[in-house]
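Here is a friendly briefing to read alongside the model. Keep the structure open and follow the topics as they come.

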Amino acid sequence: MQKIWLSFFAVILFWVAPEACLAQQQSQPPTTRYWVTLRDKHGVHFEPAHYFSAAARARRTRQHLSAFEATDLPVRPDYVAAIAKRVDTVTLVSRWFNAVACRATPEQAAALRDLPGVLNVSVWPQREVQAASITAVAAGSRTTAAPKPISANDYLLARRQTAHLDGLALRAASLEGRGMRIAVFDVGFAGLPEHVAFRELMADKRIIATHDFLRNRDDVFHGGSHGTEVMGCLAGRLPATLGGGLGPALGLAPAAEYLLARTEQLHRERYAEEEAWLAAVEWADRLGADIINSSLAYTEQRYFPEQMDGHRSLIARAANMAVRKGMLVVSAAGNDGDNDWVRIGTPADADSVLAIGGLDPETGLHVDFSSFGPTADRRPKPNLAAFGIVLTTTPSGYERLEGTSFSSPLVAGFAACLWQQRRDLTAMQLFRALEKSAELYPYFDYAHGYGRPRYAPFTTVPRAAAAPVPTFDFVVHDSLIAVIIRTEAALRPAEQLPLVIEQSEATATIAAPATGIPAADTKAAEQVPDVGHEQPGDQRPAPLAVLPEPNYPAYLYWNLTDPRGVLHRYETRAVSQRLVLQVPRRLVQKGEVLRIYFKGYTGTYSE
Amino acid sequence: MRYLFAVNKLPGLLCALLLGANFAAWGQQVLVQANVADDTVKTTFGPNRRYFGHVYLGYGLVAGQAGTGAEVQHGGASAELRGGGRFKTRFSQALAVNLDLGYSYLRYELEQNAQKLVPSPALHRREGLGLHQIYSEISLRLNAGRRGNSVGRYVDLLAGGSWVVATRHVTEDEPAPGISRVETTEYGLPYLRRWTGNVGTRLGIDRYALAARYRLSPAFGPAYAAWPELPRWVMGLEIGLF
């Protein structure tokens with residue numbers, strides 16, 4: 001009997017407090033994680049030219065940022081040493097937050113509070129990470145050893161996921177993210193170096209640096225393949241064509257440089273992960289990352305929906321700080337749209353983070369699992385949207401996967417192309433430009449954001465030179481407002497195929513001339529690859545058979561917005577008759593605004 | 001937040017205006033629809049909200065020593081299957097109370113040996129006692145660590161009682177030549193106690209839990225106090241369905 005009790009209590013102890021149990025085994029009191037905020041950085045020596053890489057310095061110069069700021073200064077070593085003396089383990093030293101994360105007993109933590117440089121000591125809570133994109137189907141199929149052949153449907157999807165974001169036009173304008181440095185934070189990149197999709201990336205040595213922040217070593221090609229799947233939507237390619245040329249790209253930034261960081265561990269609760277994300281973002285800043293892609297959403301394992309306000313989580317605050325330092329942070333909105341959580345996760349809730357929702361390739365509309373906005377403090381999210389169902393790379397080949405984890409890298413690749421063209425933009429200017437370029441802008445809703453970003457507004461001849469033509473009218477009755485599609489906008493033009501089409505022609509209507517680089521691209525064109533990164537002239541993908549851009553019917557989007565800009569209600573409708581909507585007038589009183597989008601035109605009605 | 005696919009076929013401007021329903025424009029297909037107020041309401045029901053409820057299934061093995069003459073076969077032969085509902089009221093991040101109500105079936109497979117006394121010294125090829133029980137438990141939940149809207153890691157200290165709804169005693173004997181099987185089942189056993197009390201503990205992470213229960217009351221009624229006791233422990237796994 002005693003044996004049973006003893007065994008059971010031993011299990012209890014290990015179950016509830018494994019760290020405590022471990023500590024007891026070592027004859028020490030149990031330790032907890034603490035976050036120690038320090039008071040100042042007086043007297044520290046800092047040499048930005050030594051600390052920052054050339055790329056990081058160049059990024060700051062381009063964006064007219066100071067060479068460094070107080071948050072870049074190192075933490076005072078005497079403070080760190082004093083803390084290290086009094087605690088069990090120091091697990092992170094953060095310059096940005098002037099803080100130290102450590103393991104300590106409550107007594108040690110109390111002693112820390114008395115140190116002269118310590119401003120605050122708080123318990124550093126645990127949380128569990130949830131990769132935003134892993135689906136049961138994907139996880140199950142990952143065990144397949146032999147590469148599966150790509151079906152015609154999947155091949156078509158692969159082409160459409162980039163075509164939907166004007167991939168053809170971007171390639172025609174030589175925009176493939178060349179010269180951009182993208183940091184990808186993920187679970188692990190298993191199988192990436194050997195994968196045929198990344199042959200070009202590896203041959204060109206465009207993975208500039210890697211680091212596993214959980215194990216503090218450089219090998220990131222283990223621990224999970226979610227990062228490999230995400231990378232497929234940035235730099236992956238389909239198998240080479242028969243002529244030996246490069247295969248079609250699965251993402252929009254196959255020519256960019258990459259920093260790969262392992263910050264997360266699947267299916268395990270690890271205290272170190274949040275610190276790892278912060279350490280990784282400081283690392284990416286130092287190494288000159290232009291864009292950070294974080295296809296992870298942190299939700300109910302640690303937070304409540306009402307806490308998704310962009311300030312609560314450490315990574316949301318870290319992401320905002322990264323943007324202030326000139327990096328564009330792109331984050332998946334989350335895959336909780338069809339469960340009880342519903343809302344976006346963090347860091348997508350941060351106001352400076354570009355949160356990307358998912359679209360269904362079949363309809364071009366919100367895909368059911370994509371998380372909805374707004375943030376807890378009613379700020380509009382997500383910002384943009386892209387396909388949430390894609391064909392991407394897995395260690396066993398190529399697979400169709402679902403998740404906003406893949407929407408995020410698609411838009412990150414798009415942003416890299418646009419930033420390649422407009423290197424003069426700051427991160428937030430690019431953020432705003434991407435929003436303004438989007439298909440639905442200025443219309444917005446919490447399912448689609450502003451919709452998919454488009455390339456046309458970035459071309460030398462913007463599409464919006466002329467004011468958009470109204471496509472519908474508001475007809476006001478005694479108690480109703482009717483929305484009626486104009487006759488000319490109600491036509492469904494037939495599509496006539498040309499006799500012969502070339503790829504350049506396919507893009508000419510949207511993009512710049514295919515034979516040359518637009519004037520605005522001069523800087524990008526003048527960029528010479530770094531030594532060791534030269535590429536043969538014929539590395540451009542072989543001409544592709546032109547596929548039509550996804551051709552969806554014209555939908556009508558409408559919402560009701562209160563005077564604070566918060567949406568109360570929104571819908572998307574298929575349009576099958578000209579009288580498309582009637583709204584009671586009582587709903588648009590007291591400052592409420594009815595906003596409608598149809599065929600490129602957004603109209604508003606208020607009383 | 002739900003998608004609605006609703007098509008109504010009442011065409012015509014006049015008809016629609018006359019009907020005048022909210023947002024209506026008959027003939028239009030709503031593909032995406034949301035009422036933000038509904039989606040963003042703060043709820044009091046959830047895994048780490050003030051109230052939470054769910055059903056669960058459990059399977060446990062009979063464990064521990066039996067009195068001489070009441071030995072049972074351990075392993076899967078003597079086990080308990082239970083299913084029930086749990087209602088949790090949370091007082092703080094670290095403290096909550098659960099109320100459970102459910103049904104369990106407990107079976108003791110009696111060892112057939114020379115010392116056997118329960119329920120009689122007679123030996124059979126196989127022999128078992130089965131108890132259908134309705135149980136109710138109250139448990140104090142101690143949670144470890146901060147968390148969001150999830151159940152998290154916890155220890156439950158539980159106490160409860162069971163009402164034995166039905167009992168049966170099944171014996172299987174050597175068949176006579178030409179008979180494949182001889183099984184005798186007795187129902188409504190007078191020697192098994194109708195009410196039992198137990199204490200225990202449960203430790204879990206989210207939907208999974210290990211549970212151990214110790215029966216405080218004797219298995220047999222007061223008139224059979226001299227009988228050797230059946231094993232008092234049941235230890236096993238519970239899975240919450242939520």
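Ser405(A) is found in helix α14 (residues 404–421) of chain A; helices here are DSSP runs of H or I with at least four residues, strands are runs of E with at least two, and both are numbered from the N terminus. This is a predicted model, where local features need pLDDT of at least 70, side-chain atom pairs count only at pLDDT 80 or more, and totals for chains, interfaces and linings use all residues. Residues are numbered from 1 along each chain as its sequence is written, chains are lettered from A and ligands numbered from 1 in the order in which they are written, and side-chain values use heavy atoms, with hydrogens and water left out.

**The annotated site in chain A**

- Ser405(A) is buried, with a relative accessible area of 0%; buried means under 20%, exposed over 50%, and partly exposed in between, using a 1.4 Å probe and protein chains only.
- In an unreviewed entry, UniProt lists Asp186(A), His226(A) and Ser405(A) under "active site".
- These three residues span 220 residues in sequence, yet no two of their C-alpha atoms are more than 10.0 Å apart, so they gather at one spot.
- UniProt positions follow the numbering used here, feature names are shortened, and annotations may be inferred rather than shown by experiment.
- His226(A) belongs to helix α11 (residues 226–235) of chain A, and His226(A) is buried too, with a relative accessible area of 0%.
- The side chains of Ser405(A) and His226(A) are joined by a polar contact of 3.1 Å. A polar contact is a pair of N or O atoms within 3.5 Å; within protein, one must be able to donate a hydrogen and the other to accept it, and residues adjacent in sequence count only if both atoms are side-chain atoms.

**How helix α14 packs**

- α14(A) packs against helix α15 (residues 427–437) of chain A at an angle of about 115°, with the axes 11 Å apart. Axes are lines fitted to C-alpha atoms, for helices over the stretch in contact, and angles run from 0 to 180 degrees between N-to-C directions.
- On the α14(A) side, Phe414(A), Ala415(A), Leu418(A) and Trp419(A) meet Ala427(A), Leu430(A) and Leu434(A) of α15(A); contact means heavy atoms within 4.5 Å.

**Chain A as a whole**

- Chain A has 17 helices and 22 strands.
- Of the 607 residues in chain A, 59% are buried.
- Take the contacts in chain A between residues at least 6 apart in sequence: 77% of them join residues at least 24 apart.

**Strands in chain A**

- An open sheet of four strands in chain A has the order β2-β3-β1-β4, with antiparallel pairing; two strands pair if DSSP finds at least two bridges between them.
- Its edge strands are β2 (89–94) and β4 (118–123) of chain A, each pairing on one side only.
- From one strand to the next, the twist averages 20°.
- Strand β1 (residues 32–38) of chain A runs antiparallel to β4(A), and five bridges join them. Thr37(A) has Asn120(A) as its bridge partner in β4(A).
- Elsewhere, six of the six residues of strand β20 (residues 579–584) of chain A are buried, so β20(A) is largely enclosed by the rest of the structure.
- Five bridges link β20(A) to the antiparallel strand β17 (residues 480–485) of chain A, with Ile481(A) partnered by Val583(A) in β20(A).

**Two polar side chains in chain A**

- Asp78(A) sits in helix α5 (residues 77–86) of chain A and counts as partly exposed at 39% relative accessibility.
- The side chain of Asp78(A) makes a polar contact of 2.7 Å with the side chain of Arg76(A).
- Arg452(A) lies in the loop between α15 and β16 (472–476) of chain A and is buried, with a relative accessible area of 5%.
- A polar atom of the Arg452(A) side chain lies 2.8 Å from the backbone oxygen of His164(A).

**Strands in chain B**

- Strand β6 (residues 153–173) and strand β8 (residues 195–205) of chain B run antiparallel, joined by eleven bridges; Leu158(B) stands opposite Gly200(B) in β8(B).
- β8(B) also pairs with strand β9 (residues 208–215) of chain B, antiparallel and over eight bridges.
- The hairpin of β8(B) and β9(B) has two residues between the strands, and there Asp206(B) takes a positive phi near 50°.
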